[in-house]
Amino acid sequence: MEIGTALGVSVIMGLLSIMAFYFSFSKKAEGFYEETNEGPDTTGFFIIVGWILMGLHKLYKVTFRNYHNLALRITLFFFGAIFMVMGVGIWFLT
């Protein structure tokens with residue numbers, strides 16, 4: 001694998017992990033999907049992330065009635081950790 005490919009994959013995984021960690025510790029994790037359709041950014045990436053968070057939030061409201069916000073934050077934290085490990089692990093494969 002070339003150094004450019006490893007660098008690109010690491011940067012993408014790093015950005016995904018930063019976003020997941022940000023939403024797991026912020027207060028916007030539950031309301032992010034409500035703001036995506038009203039925001040000035042119409043690139044589609046934030047809309048798709050908003051739809052995923054909306055689906056997870058509705059699923060967790062049904063399954064975990066009292067702790068749905070905590071379940072959403074824990075899920076985002078684990079995805080952030082997975083993306084971070086993937087970003088660091090690509091350097092061991094090269």
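Student: How many helices and strands does the secondary structure of the chain come to? Then take me to the largest pocket.

Tutor: The model is predicted, so local features need pLDDT of at least 70, side-chain atom pairs count only at pLDDT 80 or more, and totals for chains, interfaces and linings use all residues. Residues are numbered from 1 along each chain as its sequence is written, and side-chain values use heavy atoms, with hydrogens and water left out.

The chain has 4 helices and 0 strands. Helices are DSSP runs of H or I with at least four residues, strands are E runs of at least two, and both are numbered from the N terminus. The order is α-α-α-α.

Now the pocket. A pocket is an open set of points on a 1 Å grid over the protein atoms alone, where a 1.4 Å probe fits, with protein on both sides within 12 Å along at least five of seven lines; lining residues have an atom within 4 Å of a point. Points are joined across faces, edges and corners, and the volume is the space filled by probe spheres set on them.

The lining has 12 residues. Ala20, Val49, Ile52, Leu76 and Phe83 lie nearest the centre. Helices H1 (3-25), H3 (45-63) and H4 (68-93) each give two or more residues to this lining. H3 gives the most, with 5. By class, the lining holds 12 nonpolar residues, no polar and no charged. Nonpolar here covers Ala, Val, Leu, Ile, Met, Phe, Trp, Tyr, Cys and Pro; Asp, Glu, Lys and Arg count as charged, and the others, Gly among them, as polar.
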